[in-house]
Amino acid sequence: MATIGTPVRRREDYRFLIGRGTYTDDINRPGQLYAYILRSPHAHARITAIDTSAASAAPGIVAVYTGAEMAADGVGGLPCGWQVHSKDGSPMAEPPHPVLAIDKVRHVGDPVAVVIANTMAQARDAAELVSVDYAEEPAVADPVEALKPGAPQVRDEAPGNVCYDWHLGDLAAVDAAIGKAARVVRLDLTNNRLVPNAMEPRAAIGEFNRATGEYTLYTTSQNPHVIRLLMGAFVLNIPEARLRVVAPDVGGGFGSKIYHYAEEAIVTWAAGKLGRPVKWTAERSESFMSDAHGRDHATHVELALDGEARFLALKVSTIANMGAYLSTFAPCIPTYLYGTLLAGTYTTPAIYVETKAVFTHTVPVDAYRGAGRPEATFLLERIVDLAADQIGMDPAELRRRNFIPATAFPYQTPVALQYDSGDYGTTLELALKAADYHGFEGRRREAMTRGQLRGIGIATYIEACGIAPSAVVGSLGARAGLFESAAVRVHPTGSVSVLTGSHSHGQGHETTFSQLVSDTLGIPMESIEIVHGDTAKIPYGMGTYGSRSLAVGGSAIVKAMDKVIAKGRKIAAHLLEAAEADVEFKDGKFSVAGTDRSKSFGEVALTAYVPHNSPHDELEPGLDETAFYDPKNFTFPSGAHIAEVEIDLETGQVAVVNFTASDDFGRIINPLIVEGQVHGGLAQGIGQALLEGCVYDKASGQLLTGSYNDYAMPRADDLPAFKLSTNVTLCTHNPLGVKGCGEAGAIGAPAAITNALVDALKPLGVHHLDMPATPEKLWRVIQEHRTPIAAE
Amino acid sequence: MQKTVSLSVNGKPVSATVEGRTLLVQLLREQLGLTGTHVGCDTSQCGACVVHVDGEAVKACTLLAVQADGHSVLTIEGVATGDTLHPMQEAFRNNHALQCGFCTPGMVMSALDLVKNNPKPTEREIREYLEGNLCRCTGYHNIVLAIAEGAAVMRGEAPPPNVHGVAAE
């Protein structure tokens with residue numbers, strides 16, 4: 001029975017529902033020690049002395065290490081995996097990133113020392129006895145401030161705090177178009193800094209086997225092979241064959257668990273030094289000051305239009321915060337995952353974007369759900385709405401007028417990407433109908449009778465997913481390939497293990513991939529096992545991020561199954577005494593075309609391993625195939641999101657009363673899982689628009705939003721029930737026709753919500769709002785516009 | 001200061017020696033090996049550690065182990081009957097109400113507490129009750145549907161039609 005396209009309940013749910021998931025912190029190794037990381041309380045300070053003697057003498061303490069000691073032992077710094085070049089061709093500034101700070105701390109939470117003890121309580125107690133003398137220096141947390149003359153210098157290697165000054169597009173063409181445009185719309189906006197906040201805090205256990213010389217790291221990672229490569233080759237100098245990295249059940253990632261973090265290297269190195277397993281688990285307050293953050297842009301954008309409201313040119317200038325150190329993929333986020341997306345769903349013929357990446361005294365910033373694409377979408381969809389506002393045109397109509405038509409694919413944008421397929425107009429109409437867009441004005445009037453300002457907002461988006469063709473990312477500065485691997489291991493009884501390089505941390509791969517295998521090989525899902533997350537088991541894989549698991553990892557599985565079927569046909573041809581060319585495979589059976597003679601998948605599997613009569617010179621035993629899939633292009637999911645909000649005129653309290661999303665993800669394998677992915681993305685996008693904002697104190701660089709008491713996470717009563725629909729156009733270049741769905745919600749929702757809020761406040765003369773639009777911010781905006789204050 | 005505590009966990013008597021500062025969640029996870037109860041924050045906000053103490057939902061990170069001495073604790077590991085999921089757990093499966101699974105044990109324990117006090121909660125009541133449970137994966141949409149379904153089955157009613165088209169098993 002075909003399972004593809006049906007809402008199959010998840011296979012992984014049972015273990016989670018009975019409390020038998022195995023997350024890293026659930027693992028305990030015999031003889032295990034506990035590590036506590038002492039972190040900087042200052043944003044910027046010189047370390048003038050560290051005295052660990054009292055801590056070392058405390059009860060239960062096994063070791064206390066500092067950065068200087070680790071460096072003296074040959075431990076390297078954390079590497080950056082992407083090199084961006086500036087306009088002038090020079091490579092980005094790439095200052096060192098020691099695993100424990102040496103001489104200087106550069107953000108609140110910068111790790112300074114590690115205390116290792118028999119119990120966690122002993123380690124934490126003793127950390128208070130580590131005496132660190134800090135000489136505080138001025139700090140800068142805001143990237144715009146960091147560029148001003150006289151700003152505190154963050155890294156010696158980056159004068160003026162500039163990491164790189166990058167650009168893309170045709171500046172002359174854009175300036176010419178702006179010069180002759182009927183209208184130029186200009187806007188300054190920010191994209192607020194976010195803390196990813198996967199519900200499982202990061203954790204790591206290092207282990208060393210003295211007998212074999214083998215290290216094992218259990219870690220909360222989205223990509224165990226990437227961690228093995230970076231930590232083994234660059235930080236600890238351990239060859240791959242002696243380093244196993246296991247990422248077991250992982251409690252959400254959203255990007256923040258892609259990167260190689262200092263704690264992974266610290267526990268692995270310490271386990272080798274001490275000959276005992278060492279475990280570290282973040283407290284949530286540590287997560288806030290050590291997990292890579294997301295977004296944090298300040299942008300100026302100009303959109304030029306002709307007299308028919310057609311887009312002529314887009315010019316974007318962005319300042320992007322990198323934090324104090326370059327996280328693993330940080331440099332590519334505000335460049336190649338951002339600037340290349342600025343055509344959006346539109347035919348804008350000329351586009352120019354420049355991005356200055358800036359060091360500040362803050363936690364490193366890297367990819368967070370959507371990564372660059374939400375920032376691109378937010379500025380595009382805000383400037384389009386502002387243009388509609390200035391022209392006096394329905395924002396839906398302005399979008400329709402500028403959409404890339406469904407007949408224009410493949411479509412080459414002026415910013416490097418070639419979109420393979422899409423149908424933006426139909427998707428928008430679906431969303432408008434589902435949201436009853438045309439009936440909105442009646443609802444606005446009704447809301448006003450209740451003291452509620454009601455607004456509606458549209459956002460359309462395009463994203464580049466299925467990351468990525470290795471050749472393309474290599475030419476853009478990636479220091480890694482971005483293929484995916486799969487091994488399909490058919491067992492003698494016909495059951496199948498699939499070893500995938502993709503990693504599931506909530507995405508439900510055990511279910512979706514099983515559906516794929518079940519339908520293709522014609523075997524029941526119960527006979528299929530999906531294995532991931534352990535470098536000792538799976539082929540070298542690149543992991544899960546950028547909505548790539550099905551498009552790249554799933555395609556690798558298809559390729560491996562194709563090889564299995566090809567070999568199965570050879571075996572069946574021998575069994576059936578037929579020509580291989582006459583054997584076809586369908587519904588789990590190898591048959592001789594035009595006859596009723598056939599062999600089941602199970603019979604062929606058994607023959608592969610019991611080859612008593614096989615012609616060994618032509619056919620080697622076994623049915624176990626590996627494939628690597630490197631995509632030809634990105635995939636391009638797209639969609640239209642419509643938000644409807646009410647703002648209480650007296651309190652500024654916002655209610656999201658409707659949220660409609662119509663998306664094109666290509667072929668859908670499991671609609672239940674796809675819906676869940678969209679819901680979660682929308683919640684994060686709505687969170688960014690209304691609630692979430694990471695705030696540093698401007699003067700001191702202190703992290704003001706360091707816990708759930710201060711950082712507003714979206715809760716159930718902040719969110720509406722979502723209305724979803726899909727409009728499918730197939731990806732043209734992967735075997736499944738799939739595009740990816742993991743990031744869509746977080747990309748579309750911030751602009752849709754903000755456009756709705758601005759629409760609600762339009763009667764008061766409000767034309768733009770920065771995120772997060774908290775009740776306090778909205779209340780202030782309402783007060784200012786109700787009672788204008790004299791300028792003097 | 002060490003103290004020996006004796007309590008009932010999932011219907012079985014247990015005793016353990018704990019420090020005065022040991023939290024109930026630490027006792028459960030680290031000494032009793034019941035790792036289904038999770039720790040997601042350090043400010044009693046996230047609700048990943050919700051258990052029942054004498055039938056009341058409690059965040060196990062806010063109770064000292066010594067305070068549980070002599071009391072009866074139910075954790076997620078004690079909710080199913082053998083291999084048969086509780087109707088609330090089943091409803092979470094039927095509605096794809098979990099993704100990474102980390103918040104799930106706390107969500108289920110809170111949901112059971114809600115339904116005990118309010119057998120027929122409205123959507124709004126479910127959303128408001130979940131104030132103390134954070135989920136970063138699901139956007140809560142399917143959790144709300146699951147709790148409504150679980151509540152209906154616990155009332156002895158037929159579950160509402162599954163909006164996702166998931167067939168009953």
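In this predicted model, 46 residues of chain B are in contact with 45 residues of chain A, where contact means that the C-beta atoms of two residues, placed from the backbone, lie within 7 Å. The elements that give two or more residues to the side of chain B that touches chain A are α2 (87–94), α3 (104–117), α4 (123–129) and α5 (141–154) of chain B, and the largest share, 4 residues, comes from α2(B).

Because the model is predicted, local features need pLDDT of at least 70 and side-chain atom pairs count only at pLDDT 80 or more, while totals for chains, interfaces and linings use all residues. Residues are numbered from 1 along each chain as its sequence is written, and chains are lettered from A and ligands numbered from 1 in the order in which they are written.

**Domains of chain B**

Chain B is divided into domain 1 (2–78) and domain 2 (87–154), with bounds that come from an automatic or database domain assignment. The C-alpha centres of domain 1 of chain B and domain 2 of chain B lie 21 Å apart, and their contact takes 14 residues from domain 1 and 11 residues from domain 2. On the side of domain 1 of chain B that touches domain 2, the largest share, 3 residues, comes from strand β3 (residues 50–53) of chain B. The residues of that side of domain 1 divide into 7 nonpolar, 7 polar and no charged.

**Two helix pairs**

In chain A, helix α11 (residues 395–402) and helix α12 (residues 424–434) pack at an angle of about 165°, with their axes 10 Å apart. That makes α11(A) roughly antiparallel to α12(A), and their crossing is left-handed. The residues that make the contact are A:A396, A:R399 and A:R400 of α11(A), together with A:G425, A:L428 and A:L432 of α12(A); by class they are 3 nonpolar, 1 polar and 2 charged.

In chain B, the axes of α2(B) and α3(B) come within 10 Å and cross at roughly 125°, and these two helices are therefore oblique to each other. The crossing of α2(B) and α3(B) is right-handed. Here B:M88, B:Q89 and B:F92 in α2(B) meet B:T104, B:V108, B:A111 and B:L112 in α3(B), a contact with 5 nonpolar, 2 polar and no charged residues.

For both pairs, axes are lines fitted to C-alpha atoms, for helices over the stretch in contact, and angles run from 0 to 180 degrees between N-to-C directions. Angles under 35 degrees count as roughly parallel, over 145 as roughly antiparallel, 65 to 115 as roughly perpendicular and the rest as oblique. A crossing is left-handed if the near helix is turned anticlockwise from the far one by less than a right angle, and right-handed if clockwise.

The buried residues of α12(A) are A:Y424, A:T427, A:L428, A:L430, A:A431 and A:L432. A residue is buried if 20 or more other C-beta atoms, placed from the backbone, lie within 10 Å of its own, exposed if 12 or fewer, and partly exposed in between. What covers these residues of α12(A) includes α11, β18 (452–462), β26 (638–648), β27 (654–664) and β28 (722–726) of chain A. Just after α12(A), A:D436 takes a positive phi of about 45°.

**Backbone exceptions**

Most residues other than glycine have a negative phi, and most peptide bonds are trans.

| Site | Backbone value | Loop |
|---|---|---|
| A:F409 to A:P410 | cis, omega near 0° | A:P410 between α11 and β16 (411–412) of chain A |
| A:M771 and A:P772 | cis, omega about -10° | A:P772 between α19 (744–761) and α20 (775–786) of chain A |

A:D587 counts as partly exposed, with 13 C-beta neighbours inside 10 Å, and B:N10 counts as partly exposed with 17.

Definitions and conventions. Ala, Val, Leu, Ile, Met, Phe, Trp, Tyr, Cys and Pro count as nonpolar, Asp, Glu, Lys and Arg as charged, and the others, Gly among them, as polar.
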